[in-house]
Structure formats: C-alpha cells, structure tokens
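Here is a friendly walk through a structure that may be new to you. Please keep the view open while you read, and take the points in order.

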Amino acid sequence: MTALPETTGKKLGLVIDLDTCVGCQACATSCKEWNTQGYSAPMKDRDPRGADIDGPWLNRIHGYEIEPQSGQDSRVVHFPRSCLHCETPACVTVCPTGASYKRAEDGIVLINPDTCIGCKLCSWACPYGAREYDVDHGVMKKCTLCVDRIYNENLEPEDRQPACVKACPTGARHFGDLGDPESAVSQLVLERGGFDLLPEMGYKPTNKYLPPRTKRNTPQPGIEALPKGDGSAMDRLFKLADRLLSGTGN
Amino acid sequence: MNPAYSVILFTTASGAGYGLLALLGLIGVRAGLPTSLLFACVTLVLALGLITIGLLSSTLHLGRPERAWRALSQWKTSWLSREGVAAVLTYPVALAFGLVWSGLAPYPHAIAALGMLTALFALTTVFTTGKIYATLTTIRAWNQPLTVPVYLFFALASGGALYLAIAALFGKDPDTVAPVAGFALLMLALLKFRYWKAMDEAPRDRTMGNATGLGDTVRQWEVPHTSTNFVQREMGFVVARRHAKRLRSLFFILLAIVGLLELAAIAAPAFALPAALIFLVGAWVERWLFFAEGEHVVTLFYGNPSA
C-alpha cells in the first residue's frame, strides 16, 4: 500500500563519505551485477556495446568540482547518488497501484515488480533521480538496499550488507540503522557532520553524506624557496655536474 | 520535463471531452430535452470519444498496460489513482444521462439530476488531473495554486469551443453556452497569464550547491553515465527561454483570435468552426509549454546551477 508507515522499527540506510570516495565505480558495477540477477532482475542494458547504451542503474557516480576560492585549491568530489530511503517519500504516495511501498519494519523503500504499471510518476516525484525506468521489463527500478542480501541467511554474516558497501575499496560506504543513535553509522554522522541532500524539500532522507574534510593547504615550496648553496666541496661538485649536464659549458 | 506527445494528447483530448461533457450536463439541467436526437448523440459520442482517446493514449503510454486496472486501488493517497477512479465512474453516469437526455430512455424528470451529476463527475476528473501536477513539489512551475484552475477553465473553454462548432453545424442556437464558453476563454487567458507571472517571479533558490551540499562554487565535472540516461530524457528537457516567450505570445494571440471568432459567431454561427480548430492549436501549444517549462529539481545534480 502507498500509505506511509507512521514510524519504522529501524531506519536502514547508507552513509556515504565524500572525503574518501575515489570515484572508482566499483559500487555502481557491483550494484548492477547483484541486482541484474536478484530482486530487480533483469535490469538489462539495451545496446550495451553500441553507440546508444540505455539501461537502468540504481547507483550513479557524479563528479563535481569545487572551484578554487581565495587561499584554497580547487578540488574534485566523487558523488555516488542512489535512493535515500526517505522517511516521507512522495514517490511512494503518488503510486497509483500500491507497487511502491515503504517497509514498516526497516524503512526500506521498494517497488513490487509484479504490480508496477510503469507509469513513471514516481520518478517525477523523486527530487534525487533515484528511480529509473526499465524499458525491457516495463517497470520502474530503484535501489533495494540489497534487501535480498542483508537478511539472506544463505550468505556468510559478513556478506549480509549491500553489494555497493561490500565492493567499496576505500570504505567510503557504510550501512546500518540510522534510527538508532548508538549505531556506528549514527555515531559517524554525528562525528563528521553528516548532512541531508535537499533538506528543504522535506522528504527526510535516511541516507546521509559526510562532507569532504578541509584540506590543510600547507604552502608548497616554490622554486625560490629551495636551499641556497653553502659553498662546500660537495656543493661545488653538484654545480659542476649541473653545468656539464645542462650543456652550458661554463 | 519531456513534452511526450502521448501525455499532451491525453490531457488536451480528455480535457476537451470532459469540458464538453460538463457543458452537456449543465445544458440538460437548464433546458431539458435536446431539440434533436441526432444532436444529442453526436455531442455525447464526441465528448466520450475524446475522453476515451485520451484515456487510451495514457494507458498505452504505460510500461505494462495490461495491469492498468491496478491504478484504481490507491485512491487514498494518489491523485493519479483518484483520476482513474473518477474517470471510470464518469462513464456510467454520462451514459445514463445520455440515455435520458437524448430521449432514448423515457425518464425526462431524471435529466436535471443526471445532468448535474455528469457535470460534477466530469469536472472532478479534470480537477484530479490538475492535482497530479500541482502536488509535485519537485517541479516548481506546476506546484502552485493556479495549476488546477487553469486545467478546469481549459476544459470548459475547449468544451465550449467544440459545442459552439457542433451547434453551428446543426444550425442550433447555442443559447447560454456561448457566454459560458466566452467567460471560460477569458478566465483561461487571465489565469494562464498569472500562472506564467508566478512562475517567472518564483525564486530560483534551489541550487546545485544546496543539492550536493558542496557549496556555492560547485560545478559539474563528470557525468554519471556513458550515454543519456532515463532521468535526463524524462526530466532534463529544457526549452530555450526565447522560444518559450514566443510560444506564450503565440498562445495569447491564438486565444484572442478564438475570442473574436466566437463573438463573430453570434452574428454568423459558421465562425465557430475555425474558432474550435484554432483553439485546438492553442491547446497543443499551451500543453507542450506546460511540460517543456516544468523544470525538475533533479536537474541540479545534472549540471543545472539553480531551479
């Protein structure tokens, strides 16, 4: 049903560290690999090796540049974007069929692929671009928070995490209960000043982003700052070698 | 937003159909039996035909049309579901009205009640259509109080233009429909003008810096795909401001011509025919712009500095 639960037992979600993400796309590819055979199957790409590739991805990695401000260097931020499993997701309430729902037990937002009619209205209602249409399947696709991994007793306990979190080589993705203030993810958000995307839209996203740390910006030594020669025998030998190698002769 | 032709066709055709149906209902309330069975049949078939074309077009636009019936289930939360329910309920009411109004079923005392119900259901359906768009907070242009009134007066003005044209063809006096159609046309022009004014004056305070949390000096550096993706195709459509202004002017010019032709039709009813045709062109222009000018907040992640 598309009515939202009053509260959810847990608030499962991701915490994404924009400081340590290196934009390697491992989370995106492992997401596609797991989900193309799991809950969201088939999730095919059309013309995957051709000129006009087209297919749903549940996790996309943007790259942003923060242009240099006075006294700062410019920097590049890799920015993974997927469903934020909002507390008040309009994508769910606009769904005319009840295919979209938010689970009362853990807050995960899911689409039932057997009842979705592919009207795409949920994608219009999402400010975060989290829902994509699967042309071949005729239904909408979105991040399931790997609901078929995290409770899967056929997997080893350490593998019961979303595929993207398992795949991240820099530990930039964290999974846990953001409704529990004592959980490791909640503590991390508190410690690092984790923030919501577009909080003014009022969707109350569960996923949090950790801001890039401020760079120390220690002045780098310029060419003038190199130590001057001290006139020792070794110093004169290096100067001679420098002249000979530079070919200036004298 | 992508101005998909199926959605434009749906909203213009069904809007005109529901508008015409609502007017027929009100005519039934006022005047009782029509002067001819043929006239009643033609107007009713046209109204229900336009509605059906619109509904079919929107159903075929679905990824899974065979599951469309499921869309009737979530009327408690979803305006799209409410639209579906209202659209389905309008059919039996309109058919019952058609039977008594045309005189095929001999219950003339039921005409007024069924006419009122038909008008109510038809306008309710248009209201729910408008609400689908007006409640999307992600698209600021639509998420404003004038979206729904524009949809309602659009339906009445297009239904009115159609009725005047058919009445002219049948040599029938349009009676009170003429002033109603003119009034709806005037209101449409006024409300649409205010709609565009509100849209232009709204602050563009949603920024890429806000969306990403990366501050005011952020700009897009790398895109998250190898070729244009669904979100961009569906929501990334941008119309050049210059073109939008011209099309807005064109819409008002077309409405003015329709108004003049409808006035001329008081003296010579034949002018109502070009009026209806020109109104359809204007409707198409306005509805195309409605989608093309709807700027979605997700574009902030895809390089749009503010929305």
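1. Before anything else, please bear in mind that this is a predicted model. The points below start with each chain as a whole, go on to the place where the chains meet, and end with some local details.

2. Let us begin with chain A. Its secondary structure comes to seven helices and nine strands. The radius of gyration of chain A is 25 Å, well over the 18 Å that the globule rule gives for 250 residues, so chain A is more spread out than a compact globule. Along the principal axes, the C-alpha trace of chain A spans about 85 × 45 × 40 Å.

3. Chain B has another make-up, with 10 helices and one strand.

4. Now to the contact between the chains. How many residues does the contact take from chain B and from chain A? It takes 40 residues from chain B and 49 residues from chain A. On the chain B side, α3 (79–101), α7 (208–212), β1 (218–222) and α8 (230–235) each supply at least two residues. The largest share of that side, five residues, comes from β1(B). Sorted by class, the side of chain B that touches chain A has 15 nonpolar, 18 polar and seven charged residues.

5. Do look closely at β1(B), as this strand takes part in a sheet with strands of chain A. The sheet is open and has three strands in the order β3(A)-β2(A)-β1(B), with antiparallel pairing. Which strands stand at its edges? They are β3 (75–82) of chain A and β1 of chain B; each has a single partner strand, so one side of each is left without a neighbour in the sheet. Direction ignored, neighbouring strands of this sheet are turned by 40 degrees against each other on average.

6. The pairings in this sheet can be followed residue by residue. Strand β2 (residues 59–66) of chain A pairs with β1(B) in the antiparallel sense over four bridges, and eight bridges join β2(A) to β3(A), also antiparallel. A:E65 is a handy landmark: it stands opposite B:R219 in β1(B), while its bridge partner in β3(A) is A:V76. Helix α1 (residues 26–35) of chain A lies across β2 and β3 of chain A and runs at about 165 degrees to β2(A).

7. As background, most residues other than glycine have a negative phi, and most peptide bonds are trans.

8. Chain A also holds an open sheet of three strands in the order β8-β1-β9, with mixed pairing. Its edge strands are β8 (173–177) and β9 (208–210), each pairing on one side only. From one strand to the next, the twist averages 25 degrees. Strand β1 (residues 12–17) of chain A runs parallel to β9(A), joined to it by three bridges, and A:I16 stands opposite A:Y209 in β9(A). Helix α6 (residues 184–192) of chain A packs on this sheet, touching β1, β8 and β9 of chain A, and its direction makes about 120 degrees with that of β8(A).

9. Finally, a helix pair in chain B. Helix α6 (residues 177–201) and helix α9 (residues 241–267) of chain B pack at an angle of about 165 degrees, their axes 10 Å apart. That angle makes α6(B) roughly antiparallel to α9(B), and the crossing is left-handed. Among the residues that meet are B:L185, B:L188 and B:W196 in α6(B), and B:F252, B:L255 and B:I266 in α9(B). By class, this contact has 10 nonpolar, two polar and two charged residues.

Notes: Residues are numbered from 1 along each chain as its sequence is written. Chains are lettered from A and ligands numbered from 1 in the order in which they are written. This is a predicted model: local features need pLDDT of at least 70, side-chain atom pairs count only at pLDDT 80 or more; totals for chains, interfaces and linings use all residues. Axes are lines fitted to C-alpha atoms, for helices over the stretch in contact, and angles run from 0 to 180 degrees between N-to-C directions. Angles under 35 degrees count as roughly parallel, over 145 as roughly antiparallel, 65 to 115 as roughly perpendicular and the rest as oblique. A crossing is left-handed if the near helix is turned anticlockwise from the far one by less than a right angle, and right-handed if clockwise. Two residues are in contact if their C-beta atoms, placed from the backbone, lie within 7 Å. Ala, Val, Leu, Ile, Met, Phe, Trp, Tyr, Cys and Pro count as nonpolar, Asp, Glu, Lys and Arg as charged, and the others, Gly among them, as polar. Two strands pair if DSSP finds at least two bridges between them. The radius of gyration is taken over C-alpha atoms; the globule rule is 2.2 Å times the number of residues to the power 0.38.
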